[in-house]
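User: Please take me through this entry label by label. I want to hear what stands behind each word.

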Amino acid sequence: MPSAATKKALADKKKAAGGKMSKSAGAAAADEAFSSRTVTGVLVSRPTARDIKIDGFSMGLNGCELIQDCSIELTIGRRYGLIGQNGSGKSNFLKCIAKREVPIPDHLDIYHLDQEAEPSERTALQAVIDHIQAELERLQALEEEIMSTSGPEDERLEAIYDRIDELDPTTFETRAAELLHGLGFSPAFQQRKTRDLSGGWRMRVALARALFAAPTLLLLDEPTNHLDLEACVWLEEYLKNYNKCLVVISHSQDFLNGVCTHIIWLTQQKLTYYTGNYDTFVKTVAENEVVQMKKYQKEQEDIKHIKEFIASCGTYANLVKQAKSKQKILDKMEEAGLTKPVQRERTFQFSFPECAKLPPPVLPFIGVSFAYSGKPEEYLYKDLEFGIDCDSRVALVGPNGAGKSTLLKLMTGDLVPSKGTVTRHPHLSIGRYHQHSVDQLDEEKTVLEFFKSTYPNGPTFKREEDEWRAYLGRFGVSGRLQTTKIGMLSEGQKSRLVFAMMCMKNNNLLLLDEPTNHLDIEAIDSLADAIKRYDGGMVLVSHDFRLIDQVAKEIWVCENKKVTVWKGDIRDYKALLAKKMGLSGVPGGKK
């Protein structure tokens, strides 16, 4: 049974806290967008068990089959990384579990992080506590229902009582504050109303709710997307101690290696399970593919020899019997199922166009200070002196709020310095990627319609439909996707279209602000390869340690109103962040 202290605190909180938050407009739109999802599956694990096994699982969307006849196996104590190409159905898979479109027992609590906390009059701290209060009320209602229908002997009650004691209302505020601090909220910022927070910060509030709730089944869809490197390090450390069941979609190999005990690979409409982290998965897949190809080649050689023998027998009476015998062997091989050759799904392989290399100085900052208000006492940067050239390969790092995106806007001219000058070479052409880049896409048009209308044929430019198809195919948007409305594509597929638009110009300089947020792992590697082959300069803001490691020659730290060159590599910087945070044990956990 719940402790006396827990019962008293629960009663007090019930009076003080507001009701459950209403569903945001974004959530309602998402419900409508995914109303055409079709799901089948049969629960084969015990209805009262905490582990989940569902057989015969299939999932389709808008008449397109994404997953066919698989098993879902989710075990307590395991942390699964869900990987697969953009558009393969990863996010839809999490949504169908979260919405219980497959038969998941009601006594298993689920938290699905896929959208930011709603803007309201509640502070960030209150918004986290309100959610946990609602979870306690749900547990209490479930306890009452089980008691009235099954009686006190029902085995589910013990888990519910343990869960109520684990949440412990007496420590709500302290633990919520610790989690928000780990995610970058200062004590003052925790008291800001959520309606005054940006979408990125409200996503952090939603993440704090998820971590505080610590549900039996925690589903996280790209949880690092709105975090700086420091918060990514903190979250990785936190989740690697998660002792229930976690399923996380992430494009960060570092994160998957640090957190996951198992990998689920969604490929060719199947869910395949692997033990170990991402690096172990890559090694296992490579070994399996070598074995598979050897087996395939051996079978094909055998089939070739058998067919040649049968053909050589002709109608000779003494050989017909042997030919029939060999044909039976072939029939049995086909009946048993022949080994398929290794086939990798199409990913995008592209290059940024060649560009004219401009002589320095290309983009010098001279005595630059900046504040959004223009007031010296509110300077975000003060007396900056540096230059960006066509040979630059710079990664900007630093805590959220330090002004990394602001610095990029000063480079483009979207913002003007409060003091000093930013000079752009007269022939400088800048290619930009930022979090709002997808807004330029017309979601009502198909991919082909959009590109043909955005880049119409004229005296200096001509491209026929088959040429557009080949061009878009290089970005992994091929076949039926090209005639699909952009609004129906996944976020990762939309991101690929933004890169296709960037490559329509011969830019001298790339400014990339979190370009990996919605890309799959293979696409990020393709992006890294394209950057390495690129002739121009690059400035990158990213929370993806591996991408920075692959493409950055210099790391600049934005902090304390300055931009300073980091002497080590990004791994050294990650180690420094962990050391600064004194990561030991589980931050924010129950004492």
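User: What makes D114 and K95 a salt bridge?

Analyst: Their closest N and O atoms are 2.9 Å apart. A salt bridge needs a side-chain nitrogen of Lys or Arg within 4 Å of a carboxyl oxygen of Asp or Glu. The pair qualifies, because 2.9 Å is within 4 Å. D114 sits in the loop between β5 (110-113) and α4 (124-149), and K95 sits in helix α3, so parts 19 residues apart in sequence are tied together. Note that this is a predicted model, in which local features need pLDDT of at least 70 and side-chain atom pairs pLDDT 80 or more, while totals for chains, interfaces and linings use all residues. Residues are numbered from 1 along each chain as its sequence is written, and side-chain values use heavy atoms, without hydrogens and water.

User: Why is helix α3 called largely enclosed?

Analyst: Of its 9 residues (90-98), 7 are buried, so the rest of the structure largely encloses α3. The buried ones are K90, N92, F93, L94, K95, C96 and I97. Helices here are DSSP runs of H or I with at least four residues, strands are E runs of at least two, and both are numbered from the N terminus. Just after α3, R100 takes a positive phi of about 55 degrees.

User: How many salt bridges does the structure hold?

Analyst: There are 33. One of them joins E135 and R163, with the closest N and O atoms 4.0 Å apart. E135 is in helix α4 and R163 in helix α5 (156-167), 28 residues apart. Both E135 and R163 are buried. These two also belong to a network of salt bridges with D109, R138, E166 and K244.

User: What makes D254 and K574 a link between parts that are apart in sequence?

Analyst: D254 and K574 form a salt bridge, with N and O atoms 3.0 Å apart at the closest. D254 lies in helix α9 (253-259) and K574 in helix α18 (570-581), so the pair ties together parts 320 residues apart in sequence. Both D254 and K574 are buried.

User: E514 is buried, so why does it have no salt bridge?

Analyst: The nearest side chain of opposite charge is K404, 6.6 Å away. That is not within 4 Å, so no salt bridge is counted. For charge, Lys and Arg are positive, Asp and Glu negative, and His and the chain ends are left out.

User: What does the side chain of E514 make a polar contact with?

Analyst: The side chain of H543, at 2.8 Å. A polar contact is a pair of N or O atoms within 3.5 Å; within protein, one must be able to donate a hydrogen and the other to accept it, and sequence-adjacent residues count only through two side-chain atoms. E514 lies in the loop between β15 (509-513) and α16 (521-533). Beyond neighbours within four places in sequence, E514 is in contact (heavy atoms within 4.5 Å) with L227, Y433, V541, S542 and H543.

User: How do you know that the peptide bond joining P360 and P361 is cis?

Analyst: Its omega is about 0 degrees. P361 is in the loop between α11 (317-336) and β10 (363-370).

User: Which residues does the UniProt annotation "coiled-coil region" cover?

Analyst: The unreviewed entry gives 122-149. UniProt positions follow the numbering used here, feature names are shortened, and annotations may be inferred rather than shown by experiment. In the model, that span is 93% helix and 0% strand, with its end C-alpha atoms 37 Å apart.

Note on methods. Buried means under 20% relative accessible area, exposed over 50%, partly exposed in between (1.4 Å probe, protein chains only).
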